[in-house]
Amino acid sequence: NSNNENAPCPDDADTTGSDDPQWLEACRREEAIRELLGRSAGDRLRTSDVEDVALDLGISRATLYRLVAIYRETPTVEALQPKPRGRSKSASRSQV
């Protein structure tokens, strides 16, 4: 959502942050991934740390590894916003 591009992520005491659930989830992901990368030695992530963070975020390890790769390339909250699932509404179905 473009109106959140410069919106700060809320901290635990902040109740004035965005009410966009996707933005809040991206903030949660960014904080967790930043902490995970801070614990790692170089580029290698410990499997136990990855499992813990994935469980905390409610995502699979594979999804977390994808998000870490995205964050390393583009270290922004916007890059971590959840993507809509399924086919886009504008996608046309092939005629049979």
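**View 1. Cys-9 is one end of a disulfide.** Cys-9 counts as partly exposed, with a relative accessibility of 32%, because this value lies between the buried limit of 20% and the exposed limit of 50%. The model shown here is predicted. The partner of Cys-9 is Cys-27. Cys-27 has a relative accessible area of 6%, so this cysteine is buried.

**View 2. A disulfide links Cys-9 and Cys-27.** A disulfide is a covalent bond between the sulfur atoms of two cysteines. Here the two sulfurs lie 2.0 Å apart. The count for this model is one disulfide. Which parts of the chain does the pair tie together? Cys-9 sits in the segment before α1, and Cys-27 sits in helix α1, so the bond ties parts 18 residues apart in sequence. Which hand does the disulfide have? The torsion about the S-S bond is about -80 degrees, so the disulfide is left-handed.

View 3. Along the sequence, the pattern reads α-α-α. The protein chain has 96 residues, and 29% of them are buried. Now take the contacts between residues at least 6 apart in sequence. Of these, 54% join residues at least 24 apart.

**View 4. Helix α2 has a buried side.** Helix α2 covers residues 47-57. Its buried residues are Asp-49, Val-50, Val-53, Ala-54 and Leu-57. An α-helix has 3.6 residues a turn, so residues three or four places apart point the same way. What lies against the buried residues of α2? They pack against α1 (21-39) and α3 (61-73). The face turned away from this buried side carries the exposed residues Leu-55 and Asp-56. Just after α2 comes Gly-58, with a positive phi of about 75 degrees.

**View 5. Helix α2 meets helix α3.** The two helices pack at an angle of about 100 degrees, and their axes are 9 Å apart. That makes α2 roughly perpendicular to α3. From α2 come Thr-47, Val-50, Glu-51, Val-53, Ala-54 and Leu-57. From α3 come Arg-61, Leu-64 and Tyr-65. How do the residues of this contact divide by class? Six are nonpolar, one is polar and two are charged.

**View 6. Helix α1 meets helix α3.** The angle between α1 and α3 is about 85 degrees, with the axes 11 Å apart. That makes α1 roughly perpendicular to α3. On the α1 side are Arg-29, Glu-30, Ile-33, Arg-34, Leu-36 and Leu-37. On the α3 side are Leu-64, Leu-67, Val-68, Tyr-71 and Arg-72. By class, the contact of α1 with α3 has seven nonpolar residues, no polar ones and four charged ones.

**View 7. Ile-33 is a buried residue of helix α1.** Its relative accessible area is 0%. What does Ile-33 touch, leaving aside neighbours within four places in sequence? The contacts of Ile-33 are Leu-64, Leu-67, Val-68, Tyr-71 and Leu-80. Look at Ile-33 and Val-68, which are 35 residues apart along the chain. Their C-alpha atoms are separated by 6.5 Å.

**View 8. Arg-29 is a charged residue in helix α1.** Is Arg-29 buried or exposed? Arg-29 has a relative accessibility of 11% and counts as buried. Neighbours within four places in sequence are set aside here. Beyond them, Arg-29 is in contact with Leu-57, Ile-59, Leu-67, Leu-80, Gln-81 and Pro-82.

**View 9. Glu-30 also lies in helix α1.** Glu-30 is buried, with a relative accessible area of 11%. Which residues are in contact with Glu-30, apart from neighbours within four places in sequence? They are Tyr-71, Val-77 and Leu-80. Leu-80 is also in the contact list of Arg-29 and in that of Ile-33.

How values were computed. Residues are numbered from 1 along each chain as its sequence is written. This is a predicted model: local features need pLDDT of at least 70, side-chain atom pairs count only at pLDDT 80 or more; totals for chains, interfaces and linings use all residues. Side-chain values use heavy atoms; hydrogens and water are left out. Buried means under 20% relative accessible area, exposed over 50%, partly exposed in between (1.4 Å probe, protein chains only). Helices (H or I, at least four residues) and strands (E, at least two) are DSSP runs, numbered from the N terminus. The arc is that of the directions from the helix axis to the C-beta atoms. Contact means heavy atoms within 4.5 Å. Axes are lines fitted to C-alpha atoms, for helices over the stretch in contact, and angles run from 0 to 180 degrees between N-to-C directions. Angles under 35 degrees count as roughly parallel, over 145 as roughly antiparallel, 65 to 115 as roughly perpendicular and the rest as oblique. A disulfide is a pair of cysteine sulfur atoms within 2.5 Å.
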